[in-house]
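Please look through the sequence and the structure shown below, and then follow the report from one region to the next.

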Amino acid sequence: MTEVSASVKRNLGALPEVMRLAEAFFASAPAGASVRFPVELALEEIFTNIVRHNREGTGAIRIDLRTAGQDVVISITDFDAPRFDPVSDAPPVDIDKPLDERQSGGLGIHLVRKMMDRIEYSHSNRTGTITLHKRMD
Amino acid sequence: MFDIVVGEHEIILTGRLDAAEAEKARGIFLSLEDAKVVDFGRLEYISSAGLGVLLAAQKKLVDRGKGLRLINVRGHIRDVFHLSGFDQIFDIG
């Protein structure tokens, strides 16, 4: 089993550190580019969503990446968050709208929904965790 | 690492266009006055932050009867464009 984790600051400036964590994970995880790219994208989208939308939150964000059976499992935990599931509570995005009606908001979560195989959310005592599963086969 | 080189007719993107780099790209794309070809052949990664920059630039240019043409869009980046419906609002080829 491959597992890496880190606590990172809750600002956009920490994104390179988040991506370095993914790089360290994929250096030893038995997963190819077809898994790596969606996992990196989902990690970025959820992390930036937390940073942008939970502005009152304090403290670090915890990120865990691990393999479990045939899955890569990504957990992102905010220890100071109101109950808000960014994936289930976000409105759907209509990707068939003409250009002049398109908005970029919501596109990141839309991609996460499309690219991950399973998404779970838990919240208790102001601690919210989003767990994403991506199959490696 | 992300790099953007603007030529007379072509923009070449290299590396990773993520949320940390999107502002650099936004400044350049939103200052475009004319149609351009954007070469994705050396781009390794794009997230919604980069897609937002492309969308804003395309809206501005199409309003003036112009637009971006995207070339060498392959692999994962093509998948992201398809899942976002961007293949319907950009000239890709």
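This is a predicted model: local features need pLDDT of at least 70, side-chain atom pairs count only at pLDDT 80 or more; totals for chains, interfaces and linings use all residues.

Because the relative accessible area of I11(B) is 0%, and buried means under 20%, I11(B) counts as buried.

Leaving aside its neighbours within four places in sequence, I11(B) is in contact with I4(B), V5(B), V6(B), F29(B), L32(B), K36(B), V37(B), V38(B) and D39(B). The C-alpha atom of I11(B) is separated by 8.9 Å from that of F40(B), a residue that lies 29 residues apart from I11(B) along the chain.

With a relative accessible area of 74%, M1(A) is exposed, whereas I11(B), at 0%, is buried. Between the C-alpha atoms of M1(A) and S28(A), which are 27 residues apart along the chain, the separation is 9.3 Å.

## Salt bridges within chain A

Side chains of opposite charge can pair when their charged atoms come close. A search of the whole structure finds 10 salt bridges over all chains, and one of them is formed by the side chains of E40(A) and R36(A), at 2.8 Å from N to O. E40(A) and R36(A) are 4 residues apart in helix α2 of chain A, which holds residues 33–53, so about one helical turn separates them.

Another salt bridge joins R135(A) and D117(A), whose closest N and O atoms are 3.4 Å apart. This pair links distant parts of the chain, 18 residues apart, with R135(A) in strand β5 (residues 127–135) and D117(A) in the loop between α3 and β4 (118–124) of chain A. R135(A) counts as partly exposed at 43% relative accessibility, and D117(A) also counts as partly exposed, at 36%.

In chain B, D34(B) forms a salt bridge with K66(B), and the closest N and O atoms are 3.5 Å apart. Here too the pair links distant parts of the chain, 32 residues apart: D34(B) is in the loop between α1 (22–29) and β3 (36–46), and K66(B) is in the loop between α2 (48–63) and β4 (68–71) of chain B. D34(B) counts as partly exposed at 45% relative accessibility, and K66(B) is partly exposed with a relative accessible area of 33%. Salt bridges that share partners also join R36(A), E40(A) and R16(B) into one network.

At 43% relative accessibility E101(A) counts as partly exposed, but R102(A), at 5%, counts as buried.

Not counting residues up to four places away in sequence, R102(A) touches residues of chain A, namely D94(A), I95(A), D96(A) and K97(A), and residues of chain B, namely L55(B), K59(B), S84(B), G85(B), F86(B) and I89(B). E101(A), for its part, gathers with D94(A), D96(A), D100(A) and D63(B) in a patch of negative charge on the surface.

Terms used:
Residues are numbered from 1 along each chain as its sequence is written. Chains are lettered from A and ligands numbered from 1 in the order in which they are written. Side-chain values use heavy atoms; hydrogens and water are left out. Patches are made of residues with over 30% relative accessible area and no salt bridge: like charges are joined within 9 Å, nonpolar side chains (Val, Leu, Ile, Met, Phe, Trp, Tyr) within 5 Å. Accessible areas come from the Shrake-Rupley method with a 1.4 Å probe; for residues, only the protein chains shown count as cover. A salt bridge is a side-chain nitrogen of Lys or Arg within 4 Å of a carboxyl oxygen of Asp or Glu. Lys and Arg count as positive and Asp and Glu as negative; His and the chain ends are not counted. The place of a charge is taken as NZ of Lys, CZ of Arg, CG of Asp or CD of Glu. Buried means under 20% relative accessible area, exposed over 50%, partly exposed in between (1.4 Å probe, protein chains only). Contact means heavy atoms within 4.5 Å. Helices (H or I, at least four residues) and strands (E, at least two) are DSSP runs, numbered from the N terminus.
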